[in-house]
Amino acid sequence: MRGPLGAVIGRYPSSDGSTQVGGIIRHNRKCRDVAFLVIFIAFWVAMIVNSSFGFNKGNPLRLTYGLDYKGNVCGDRHAHPGLRELELTYWLNPNQVYLGGLKNSQFKLADARSICLLDCPIPSEDALNWVCDYPEGEIRLSVDDWIDRNYDYFEFLTPEMRNTSLQLQGPCYPVIFPSVNVYWRCQYLARASNVSLRHWQQMGGVNINEDIIIDKSIHKSINARSSVLKRYVADIGKSWPVLIVCGGLLPLFVSVIWLLLIRHFVAAMPWITVALFNILIIAVTMFYYLKAGWIGNDAISPIIGAHDPYYHVFGREQNHLHAAAVLMTFIMVVSILASIAIVHRILMATSVLKVAAKIIGEVQALIIFPVMPYAILGIFYMFWFGAAFYLFSSGQIVQNNCSSNCCAYDLASKRVNCDRCCGYSIHYTPHISIAIFFHLFGCYWATQFFIACSSTVIAGSVASYYWARGETSPEIPFLPVFSSMKQLIRYSLGSVALGSLVLPFVESVRFMLDSIRRKLKVGNTTPEGCMGKTTYHTSRSCFQCIEWIIRSVNRNAYIMIAITGKSFCRASAIATELIISNILKIGRVNVIGDVILYLGKLCVSLSSALFAFLMLDTHKYRSAHNKISSPLLPVLVCWALGYVVATLFFAVVEMSIDAVILSFCQDSEEHQGTAQYAPPLLMETLGDQNEMQRLTQ
C-alpha cells in the first residue's frame, strides 16, 4: 500500500488539525539507485578516456582532404614539406588511374601516386605541361618557387630523370587530361588534349590509355560510402557557426518566447502553434526541393570553383537530398492532415494549458530554470562534437602493399624505387568503430540524463505548488525550484541515471538488430516466407511501441521520484498504477495536451532547420575550403539540437501538466474521490463535471 503523498512535499495538516506553515516539508529521504550513479560516473570517466584516444590519434583534416605519395594529409601545415595551402589531391600517373578503374585489376586507385596541389592542372594549348614531385635532392627549388612555376621543373632534370619521366616513373608527369576540383580531388575528364598528347608522343613517351575508365575510376572513389560519410562529418565541423546560432541561440530565444506567450495568451497559443507548424514544415520541404534541384537552379554541386558549365558531376549527396525531399513530402502531407484532424480538439488543449500557465505565473523561476541545463548541455556538446571529429579521423595512415606498377623515381636516393612505392590509405581497426559507437551512445545517454534532471526539478517544483494548495506566498517564486534541485542532487541522481539509461539501451538494441538485418539483406539471407517477414515487421513495431511506452513511463516516473523520493522502479510502478486507475479521467486530456506541446517542439526545431538552410546558402559555405558537400547533415543536426533545447524549455509546461494531474489523481484517491489540495483553477478545469465531460468525449 502506498502511503499518502501530501506529507512528502508541500503543506499538510498535522495530527492536531493545524496546518504546518514551514513551507516545503523536508521528507526523511535517502539515496536511491546508488549503483547506477556509480555506473554513470564510471561512464563519464570512460568517455574522457575514449575522447583522449581520439584527440591523440585523430586529425580532422583527413575527413576532407586526401593523402599524397609521402603519406601526408593535404592541407596539413605540419607535414614535410608544409602543405598548408595545398589542399587538392591530384593523381600524377594517368595509367595508374586507368588500372585502378579496371574491374579485375589488383591495382587500386589508393595505390596510385598522388600529390597535393593548390589547383587542378589543365593541359597547355600549345605545349606540354608537367607536374613534378615535391622539390628535394638535386632540385634546388623551394616549395613556393615550385608552386609559382606551376609545379613544373622538367627543364632542370638530368637526362636520366627525363628518361624515367617519359616512362611515367617521374619525377615529372605529363598533364594530358584536363581535371576539375570535385570535393578537393582533381577529377580527370576523359578528353585528352590532342596538342599535349602529340607533344608527348613526339618526345617518345609511353602509351597513355584514354578510355572513359580513367574518369570513372576517380569518380567511384569520390562517391564511395566511406568518402561520403567523411564529408558529412566534415560538413558539421565546417558549419559550427551555424550550429551555434541555429542549434543553440535561436531555439533558446524561440522557446523562451513561446513560454512567455503561453503565460499571457494561452487561449490563442494552440491555434498559433498548429498554424506555424504547417507553415514551417512547408518552408523546410521547399528548401529540400531547392537543394535537390527540383525547383529553381540552386541545386548543390560537387564541383568547387570555376569550371566548364557544360560539365556536370553527379554525387551521392544529391541522391540523399532527393530521398530526403521525398521523405519530407510524405511527412508534410501526413502532418498537415493530422493537424487539420485535431483542430476541433484544440479547446481541449486550451483547458489543460491554462493550468500550466497559472503555475508558470506563480512559480516564475520555472521560466528561467531551463537555462541552467541548457548551459550544461551546451558545454557538453562542444566537448562531444570536438571529440567526435577526432574519433572519426583517428585511423592509422599506412602504406599500401601493391605488387607492381608503382615504380617511381626517388629524388632523395637518386634512383627508381620499386619497393614500397605504393600510395597510402587510412586503416581503421575494429576498436575505432566500437569507440565511435560508445561515443554516440554516450551523447544519447548524457542528453537524456540532463533532460531527466531538468524534468525532475520542474516536477518537484510543481508538486510543491500543488500540495501547497496553489497559495501565493513569498516562498513560491524561487524556493520550490532550489529545494527540488537540492533533493535531486542529494538523493535521486542514481534514479535519474537509471531512467535515462533505459531508453538509450533499447535504442542501441534496436540499432544492432537493424544492422544485423542490413547485413542479412546484403547476404541475401533475409526471410522470404510470409511468416518470416511477419515476424520481422512485428518485432520492429514492438520495439517502437516499447520505446514509446518507456518515454511515457520515464516522464511520469521522474514526477514520482520528485514527489516521493522513491527509487526509479518503485516510482515507475506508482505512476503506472495511478495512470491506469484514472485512465478515463486523464488519458485523453494528457494526449491532446502532449500533441500540442509536441507540435510546439517541432516548430522550434523546424525554425532551426529553416534558418540553418538560409545560413548555409551564403557564399561562405558554397565556395573555397569552407564549402560543404551538402546541407543535409548540418540541417539535421540543427534540427535535433533545436528539438533538445525545446524539450528542455517545453518540459516546464509538459511536466507542469503531468505533475499536477498525477498529484490530482493521488489527492483524489487519498480523500475518497475529492481532491483536497488542488488549486482553484485546477478544480475548475478537472473537477467540474461539465468540463470533464467535454474533455473526455
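A residue counts as buried when its relative accessible area is under 20%, and as exposed when that area is over 50%. Anything in between is partly exposed. Cys 186 has a relative accessible area of 0%, so Cys 186 is buried. Keep these terms in mind, since they return throughout this tour of a predicted model.

Begin with the disulfides. The structure holds four of them.

The link of Cys 120 and Cys 186 is left-handed, with -100° about the S-S bond. Cys 120 sits in the loop between β2 and β3 (130-132), while Cys 186 sits in strand β6 (residues 185-188). The two are 66 residues apart, and the pair links distant parts of the chain. Cys 120 has a relative accessible area of 14%, so Cys 120 is buried too.

Next comes the disulfide between Cys 74 and Cys 116, with 2.0 Å from S to S. This link is also left-handed. The angle about the S-S bond of Cys 74 and Cys 116 is -80°. Cys 74 lies in the loop between α1 (34-57) and β1 (88-91), and Cys 116 lies in strand β2 (residues 114-117). The pair therefore ties together parts that are 42 residues apart in sequence. Both Cys 74 and Cys 116 are buried.

The sulfur atoms of Cys 132 and Cys 172 are 2.0 Å apart and form another disulfide. The link of Cys 132 and Cys 172 is right-handed, with 100° about the S-S bond. Cys 132 is buried, at 0% relative accessible area. Cys 172 is buried as well, again at 0%.

Cys 246 is in no disulfide. The nearest cysteine sulfur belongs to Cys 638 and is 5.1 Å away. A disulfide needs two cysteine sulfur atoms within 2.5 Å. Cys 246 is buried, with a relative accessible area of 1%. Cys 569, in contrast, counts as exposed, at 54% relative accessibility.

Now turn to the salt bridges. A search of the whole structure finds eight. One of them pairs Lys 70 with Glu 136, with the closest N and O atoms 3.3 Å apart. Lys 70 is in the loop between α1 and β1, and Glu 136 is in the loop between β3 and α3 (143-148). These two residues are 66 residues apart, so to speak of the pair is to speak of a link between distant parts of the chain. Lys 70 counts as partly exposed at 30% relative accessibility. Glu 136 is partly exposed at 25%.Arg 113 forms a salt bridge with Asp 133, and the closest N and O atoms are 3.0 Å apart. Arg 113 lies in the loop between α2 and β2, and Asp 133 lies in the loop between β3 and α3. The pair therefore ties together parts that are 20 residues apart in sequence. Arg 113 is buried, with a relative accessible area of 12%. Asp 133 is buried at 1%.

Another salt bridge joins the side chains of Asp 617 and Arg 622, at 2.8 Å from N to O. Asp 617 counts as partly exposed at 28% relative accessibility, and Arg 622 is partly exposed at 39%.

The surface comes next. A nonpolar patch there is formed by Phe 253, Ile 257, Leu 260, Leu 261 and Phe 265. Together they have about 450 Å² of accessible area. Phe 253 is placed in helix α8 (residues 240-264). It counts as exposed, at 55% relative accessibility.

Ala 557 counts as buried, at 0% relative accessibility. Its C-alpha atom is separated by 9.5 Å from that of Ser 495, a residue 62 residues apart along the chain.

The last stop is the second largest pocket. It holds about 870 Å³ of space. The pocket is lined by 37 residues. Nearest its centre lie Trp 91, Leu 109, Ala 110, Ser 221 and Ser 227. The elements that give two or more residues to the lining are β1, α2 (94-101), α6 (213-222), α7 (225-238) and β10 (424-427). α6 gives the most, with six residues.

Methods. Residues are numbered from 1 along each chain as its sequence is written. This is a predicted model: local features need pLDDT of at least 70, side-chain atom pairs count only at pLDDT 80 or more; totals for chains, interfaces and linings use all residues. Side-chain values use heavy atoms; hydrogens and water are left out. Helices (H or I, at least four residues) and strands (E, at least two) are DSSP runs, numbered from the N terminus. Buried means under 20% relative accessible area, exposed over 50%, partly exposed in between (1.4 Å probe, protein chains only). Patches are made of residues with over 30% relative accessible area and no salt bridge: like charges are joined within 9 Å, nonpolar side chains (Val, Leu, Ile, Met, Phe, Trp, Tyr) within 5 Å. Accessible areas come from the Shrake-Rupley method with a 1.4 Å probe; for residues, only the protein chains shown count as cover. A salt bridge is a side-chain nitrogen of Lys or Arg within 4 Å of a carboxyl oxygen of Asp or Glu. On a 1 Å grid over the protein atoms alone, a cavity is a set of points where a 1.4 Å probe fits but cannot get out, and a pocket is an open set with protein on both sides within 12 Å along at least five of seven lines; lining residues have an atom within 4 Å of a point. Grid points are joined across faces, edges and corners, and a volume is the space filled by probe spheres set on the points.
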